[in-house]
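Below are some notes for a colleague who will be working from these coordinates.

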Amino acid sequence: MSWKIRQQTFVDSSGLSAILVGYRLCNQANGSYVVCQVGDQVAKLLKIAQLDDIITMVPTLSEAIDIVMM
């Protein structure tokens with residue numbers, strides 16, 4: 001499998017909503033939801049929205065894959 005990932009440096013309200021919907025769907029399916037390679041501004045937004053306590057954020061794709069595969 002090949003993944004093309006780039007660091008996100010900006011998220012607007014639609015992007016934040018998409019992150020929340022993804023989290024909710026994964027949570028309902030008893031899955032793991034991991035966000036990786038977010039820029040400082042996105043991480044700050046997730047912290048301000050108090051989502052950093054419920055959404056797992058890791059710096060690299062390989063760490064995210066490790067968490068999901070556990």
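1. In this predicted model, valine 38 sits in the loop that links β1 (34-36) to α2. Is valine 38 buried or exposed? Its relative accessible area is 19%, and because buried means under 20%, valine 38 counts as buried, a call to be read with that cut-off in mind.

2. Once neighbours within four places in sequence are left aside, the contacts of valine 38 are Gln7, Gln8, Ala43 and Met57. Serine 62, by comparison, is 24 residues from valine 38 in sequence, and the C-alpha atoms of these two residues are 14 Å apart in space.

3. Although 31 residues separate glutamine 7 from valine 38 in sequence, their C-alpha atoms are 5.3 Å apart. Glutamine 7 has a relative accessibility of 46% and therefore counts as partly exposed, whereas valine 38 is buried.

4. Which residues form the largest nonpolar core? Val38 is one of its nine members, the others being Val11, Leu16, Ile19, Val35, Val42, Leu46, Leu51 and Ile55. Two helices, α1 (13-28) and α2 (40-48), each supply at least two residues of this core. In soluble globular proteins, nonpolar side chains tend to be buried together.

5. At the level of the fold, the protein chain has three helices and two strands, which follow one another from the N terminus in the order α-β-α-β-α. The radius of gyration is 12 Å, close to the 11 Å that the globule rule gives for 70 residues, so the chain is as compact as a globular protein of that length. The C-alpha trace spans about 30 × 25 × 20 Å along its principal axes. Of the contacts between residues at least 6 apart in sequence, 59% join residues at least 24 apart.

6. As for burial and surface, buried residues account for 21% of the 70 residues in the protein chain. The accessible surface amounts to about 5,300 Å², and carbon and sulfur atoms contribute 54% of that area. The charged side chains comprise 5 positive and 6 negative ones, with the centres of the two sets 8 Å apart.

Key. Residues numbered from 1 in each chain as written. Predicted model: local features only at pLDDT ≥ 70, side-chain atom pairs only at ≥ 80, totals over all residues. Heavy atoms only, no water. Helix = DSSP H or I, 4+ residues; strand = E, 2+ residues; numbered from the N terminus. Rg over C-alpha atoms; globule rule 2.2 N^0.38 Å. Buried < 20%, exposed > 50% of the residue type's maximum accessible area, 1.4 Å probe, protein only. Contact = heavy atoms within 4.5 Å. Areas by Shrake-Rupley, 256 points an atom, 1.4 Å probe, with all protein chains shown as cover. Lys, Arg positive; Asp, Glu negative; His and termini not counted. Charge placed at Lys NZ, Arg CZ, Asp CG, Glu CD. Core = buried A, V, L, I, M, F, W, Y, C linked by side-chain atoms within 4.5 Å.
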